[in-house]
Structures are given as C-alpha cells and as structure tokens.
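Work through the exercises below with the sequence and the coordinates open. Try each task before reading its solution.

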Amino acid sequence: MDEIIQKDANGNILADGDTVIAIKDLKVKWAPDIKRGDKFKNIRLTEDEGIIESGKMVLRTEFFKKI
C-alpha cells in the first residue's frame with residue numbers, strides 16, 4: 001500500500017505534530033474565519049491527499065505552510 005505524502009503550499013513535507021500557518025484569509029461555515037497568520041499546532045495527517053486535521057477542523061494543505 002502506498003503511503004500518501006502530505007505537502008504544504010510551498011512543497012514542504014508535513015508530519016503528524018507539525019505546526020502550520022495560514023497563508024491567506026479563509027471563510028469558515030459555523031466557526032470563526034481563519035485569518036492569514038493563524039497557527040494550527042499539532043496537526044494530524046489523513047489518508048486523503050491534501051487534507052490535514054487540527055482539533056475538530058479539517059484543513060486543505062494548499063492554504064497552509066509549515067513553520
């Protein structure tokens with residue numbers, strides 16, 4: 001079974017527990033909007049390419065960069 005490699009907006013490889021930062025403002029339904037520069041700590045990788053989780057939020061990797 002092939003392992004999915006998750007990459008951020010800049011092409012850096014992400015791992016469980018990394019911290020990412022938003023690179024643009026994003027509108028979110030049923031929750032406060034995400035502003036450019038917001039940090040998400042201790043992310044979890046998913047089996048879906050381009051998707052990570054932080055707490056109860058599901059995030060698209062194309063809008064975040066690893067710090």
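## Exercise 1: The surroundings of Val20

Task: list what Val20 touches, not counting residues up to four places away in sequence.

Solution. Contact means heavy atoms within 4.5 Å. With that cut-off, Val20 touches Leu14, Asp38, Lys39, Phe40, Ile43, Ile52, Phe64, Lys65 and Lys66. Keep the origin of the coordinates in mind: this is a predicted model, where local features need pLDDT of at least 70, side-chain atom pairs count only at pLDDT 80 or more, and totals for chains, interfaces and linings use all residues. Residues are numbered from 1 along each chain as its sequence is written, and side-chain values use heavy atoms, with hydrogens and water left out.

## Exercise 2: The core

Task: which residues form the largest nonpolar core?

Solution. Start with the terms. Buried means under 20% relative accessible area, exposed over 50%, and partly exposed in between (1.4 Å probe, protein chains only). A nonpolar core is a set of buried Ala, Val, Leu, Ile, Met, Phe, Trp, Tyr and Cys residues joined through side-chain atoms within 4.5 Å. The largest such core has ten residues. They are Leu14, Val20, Ala22, Leu26, Ile34, Phe40, Ile43, Ile52, Leu59 and Phe64.

Now take two of the members in turn.

- Leu14 sits in the segment before E1. Leu14 is buried, with a relative accessible area of 4%. Beyond four places in sequence, Leu14 touches Gln6, Lys7, Asp8, Val20, Ile43, Leu45, Ile52, Thr61 and Lys66. Leu14 and Ile67 are 53 residues apart in sequence, and their C-alpha atoms are 10 Å apart.
- Phe40 belongs to strand E2. Its relative accessibility is 11%, so Phe40 counts as buried. Once neighbours within four places in sequence are set aside, Phe40 contacts Asp18, Thr19, Val20, Ile34, Ser54, Met57, Leu59 and Phe64. From Phe40 to Gly55, 15 residues apart along the chain, the C-alpha separation is 8.7 Å.

## Exercise 3: The chain as a whole

Task: how many helices and strands does the protein chain have, and what is its radius of gyration?

Solution. Helices (H or I, at least four residues) and strands (E, at least two) are DSSP runs, numbered from the N terminus. The count gives zero helices and six strands. The order from the N terminus is β-β-β-β-β-β. The radius of gyration is 11 Å, close to the 11 Å that the globule rule gives for 67 residues, so the protein chain is as compact as a globular protein of that length. Here the radius is taken over C-alpha atoms, and the rule is 2.2 Å times the number of residues to the power 0.38. Along the principal axes, the C-alpha atoms fill a box of roughly 35 × 20 × 15 Å.

Next, burial and contact range. Buried residues make up 28% of the 67 residues. Of the contacts between residues at least 6 apart in sequence, 48% join residues at least 24 apart.

## Exercise 4: Ile21 and Lys24

Task: are Ile21 and Lys24 buried or partly exposed?

Solution. Take Ile21 first. Ile21 lies in strand E1. Its relative accessibility is 16%, so Ile21 counts as buried. Outside four places in sequence, Ile21 is in contact with Gly37, Asp38, Lys39, Phe63, Phe64, Lys65 and Ile67. Ile21 and Lys66 are 45 residues apart in sequence, with 6.5 Å from C-alpha to C-alpha.

Then Lys24. Lys24 is in the loop between E1 and E2. At 41% relative accessibility, Lys24 is partly exposed. Neighbours within four places aside, Lys24 contacts Ile34, Lys35, Arg36 and Phe63. The C-alpha atoms of Lys24 and Lys7, 17 residues apart along the chain, are separated by 17 Å.

## Exercise 5: Positive phi

Task: what is the phi of Trp30 and of Asn42?

Solution. Trp30 has a positive phi of about 65°, although it is not a glycine. Trp30 lies in the loop between strand E1 (20-22) and strand E2 (39-40). Trp30 is exposed, at 85% relative accessible area. For Asn42, also not a glycine, phi is positive and near 55°. Asn42 is in the loop between E2 and strand E3 (44-45). Its relative accessibility is 52%, so Asn42 counts as exposed.
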